[in-house]
Amino acid sequence: PWLRTLEAIHGFRETEKSRWSEASRAILRRVQAAAFGPGQTLLSSVHVLDLEPQGYIKPHVDSIKFCGSTIAGLSLLSPSVMRLVHTQEPGEWLELLLEPGSLYILRGSARYDFSHEILRDEESFFGERRIPRGRRISVICRSLPEGMGPGEPGQLPPACAPGPL
Ligand SMILES: O=C(O)CCC(=O)C(=O)O
Ligand SMILES: [Fe+2]
């Protein structure tokens, strides 16, 4: 639902999950505490993306219609490189090495003014260092779009209706 519309992603499968084991919920609570403020409401379901070794994500900015001001992603299995490029100033960019078990948080300017992408295996370098890509799973939490309080769930796709994590 997130990326199919953008055709930004290749070699993947995905799902949205709202039911988690207690052990997983404990981890999601840590993500929530690290990435989101007390006033932020999260989308009720968590996005899980499974990228095959040849899979990659092209540069995009998450839709402001479906996603609020914060995106937090937990990377699992293979390391990968995320590149952020300023949408107005392509010379302004940075790369993040996403080690398995790491959490990235996109908020503020990183969320709105920079595109993000996951490099394909052939281009997967962090500086000079080659980062060979294997299967990568990411678990992504997002805040609700502003003005999308529980009173206005009609504008959201059903899987994104607001609710507790
Ligand atoms: O896999 C990730 O960490 C990022 C996924 C992403 O950019 C998205 O779902 O919009
Ligand atoms: Fe994204």
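Q: What counts as a cavity, and what volume does the largest cavity have in this predicted model?
A: A cavity is a set of grid points where a 1.4 Å probe fits but cannot get out. The structure, a predicted model, holds 2 cavities of 30 Å³ or more. The largest cavity has a volume of about 110 Å³.

Q: Which elements give two or more residues to the lining of the largest cavity?
A: The lining of this cavity is made up of 15 residues. Those nearest its centre are Ile57, His60, Tyr104, His116 and Ile140. Two or more lining residues come from each of β2, β7 and β10 (136-142).

Q: Which residues coordinate the iron ion (ligand 2)?
A: In sequence, the donor residues follow the spacing H-x1-D-x53-H. Asp62 lies in the loop between β2 (46-60) and β3 (70-77), and His116 in strand β7 (residues 114-118), 54 residues apart. At 2.0 to 2.1 Å, the iron ion (ligand 2) is coordinated by His60 (NE2), Asp62 (OD) and His116 (NE2).

Q: Is Asp62 buried or exposed, and is His116 buried or exposed?
A: Buried means under 20% relative accessible area. Asp62 has a relative accessible area of 5%, and His116 has one of 7%. Both values fall under the cut-off, so Asp62 is buried and His116 is buried.

Technical notes: Residues numbered from 1 in each chain as written. Chains lettered and ligands numbered in written order. Predicted model: local features only at pLDDT ≥ 70, side-chain atom pairs only at ≥ 80, totals over all residues. Heavy atoms only, no water. Donors = N, O, S within 2.8 Å, 3.2 Å for Na, K, Ca; no water. Helix = DSSP H or I, 4+ residues; strand = E, 2+ residues; numbered from the N terminus. Buried < 20%, exposed > 50% of the residue type's maximum accessible area, 1.4 Å probe, protein only. 1 Å grid on protein atoms, 1.4 Å probe; cavity = no way out; pocket = protein on both sides within 12 Å on 5 of 7 lines; lining within 4 Å. Points joined across faces, edges and corners; volume = space filled by probe spheres on them.
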